[in-house]
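Subject: The structure we talked about

Hi,

Here is the structure I promised to pass on. Have a look at it first, then read my notes below.

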Amino acid sequence: MDFIAGAIGGGLSTAVGYPLDTVKVRIQTENHYRGFWHCVQETYRTEKVRGFYRGVSASVLAVSAVSSVSFGTYRGALGAVCQLRHGARDAPPAPLDVSLAGAAAGAARVVLTNPSEVAKVRMQTQRNPHPSITHQPVSEPKYRGSLHCLKVIIKEEGLRGLYKGCSALLCRDCSASAVYFLSYSVLCDWLTPDTRNKPGFLVVLLSGGFAGVLAWGFATPMDVIKSRMQTDESEQHKYKGLVHCVRESVRKEGAKVLFKGLGLNCVRAFPVNMVVFVTYEGVLRFTEHYINKK
């Protein structure tokens, strides 16, 4: 049920946060935007509403699968760590146990996440002017959709093209996932009265939202590097690897480049992760109640 609940929560959260994610990716990878509102206005002016949802279909499916793996792996890893350190899978976990299980969940996500992230980033940064904006025939876009994007990447760059930015994604997800699950667990424990054995849904909403904000605070520098590495197509070869991408980005734009989109990430993370955790907890509690009634 952890896998199923995670999948449902992940899919719903994507629909909530995708437009802001598109704006975030464009700000991180392109220098001609003066800020958040300028990017929103330009995207809407040239591409209308559909410009904010490029690649959303693949992202919903991918995030559902990834969220399923993340929550399922976390729960399994937490049991294994508790068994190893305390002698019982159901022993009360220490903060270190939660952090280790969270990092394991982040590492497990990467195998599934990277191809869909590459396709999402390429689709989000592709320019397709809306027919009402231009009076000239609109040229055929390079990527006609998420699946077509994956096919083109494999054809032009091979299977390794699907795993561009994998090193940055691994650094991002392991650290952020450890912070994510630890902060959620600590906040739930802190906000739940001793008289209750489970946090209420308001506590879940707040804890999930703040856990997402804290996690993205840690994740943003590697998220910037990941997005830049993934937009580097076969004919460009701007970056030779993770370290080279960091060095070149900082050299050209200063250290502040690593925090591009930080505010936007945090604003997006709060409602998105509220939805993730309240859906996850809701599905688990509903099924538990249904099984107990039978």
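Before anything else, keep in mind that this is a predicted model. Let's start with the open spaces. The largest pocket comes out at about 780 Å³. Its lining is made up of 27 residues, and the ones nearest the centre are Arg-75, Tyr-184, Ser-185, Pro-199 and Glu-281.

How many cavities of 30 Å³ or more does a search of the whole structure find? The answer is 1. The largest cavity has a volume of about 690 Å³, and 36 residues line it. Val-63, Arg-109, Arg-172, Trp-216 and Arg-268 are the closest to the centre of that cavity. Quite a few helices take part here: helix 1 (2–29), helix 3, helix 4 (95–125), helix 6, helix 7 (201–230) and helix 9 each give at least two residues to the cavity lining. Sorted by type, the cavity lining holds 14 nonpolar, 12 polar and 10 charged residues.

Trp-190, Leu-191, Leu-202, Leu-206 and Phe-210 together make a nonpolar surface patch of about 560 Å². Helix 6 and helix 7 are the elements that give two or more residues to this patch, and helix 7 gives the most, with 3 residues. One member to click on is Trp-190, which sits in helix 6. Is Trp-190 buried or exposed? Trp-190 has a relative accessible area of 68%, and exposed means over 50%, so Trp-190 counts as exposed.

You will find Lys-48 in the loop between helix 2 (36–47) and helix 3. Lys-48 has a positive phi of about 60 degrees, although Lys-48 is not a glycine. Why does Lys-48 count as partly exposed? Its relative accessibility is 25%, and partly exposed covers the range between the buried limit of 20% and the exposed limit of 50%, so Lys-48 falls into that class.

Cheers

Key:
Residues are numbered from 1 along each chain as its sequence is written. This is a predicted model: local features need pLDDT of at least 70, side-chain atom pairs count only at pLDDT 80 or more; totals for chains, interfaces and linings use all residues. Side-chain values use heavy atoms; hydrogens and water are left out. On a 1 Å grid over the protein atoms alone, a cavity is a set of points where a 1.4 Å probe fits but cannot get out, and a pocket is an open set with protein on both sides within 12 Å along at least five of seven lines; lining residues have an atom within 4 Å of a point. Grid points are joined across faces, edges and corners, and a volume is the space filled by probe spheres set on the points. Helices (H or I, at least four residues) and strands (E, at least two) are DSSP runs, numbered from the N terminus. Ala, Val, Leu, Ile, Met, Phe, Trp, Tyr, Cys and Pro count as nonpolar, Asp, Glu, Lys and Arg as charged, and the others, Gly among them, as polar. Patches are made of residues with over 30% relative accessible area and no salt bridge: like charges are joined within 9 Å, nonpolar side chains (Val, Leu, Ile, Met, Phe, Trp, Tyr) within 5 Å. Accessible areas come from the Shrake-Rupley method with a 1.4 Å probe; for residues, only the protein chains shown count as cover. A salt bridge is a side-chain nitrogen of Lys or Arg within 4 Å of a carboxyl oxygen of Asp or Glu. Buried means under 20% relative accessible area, exposed over 50%, partly exposed in between (1.4 Å probe, protein chains only).
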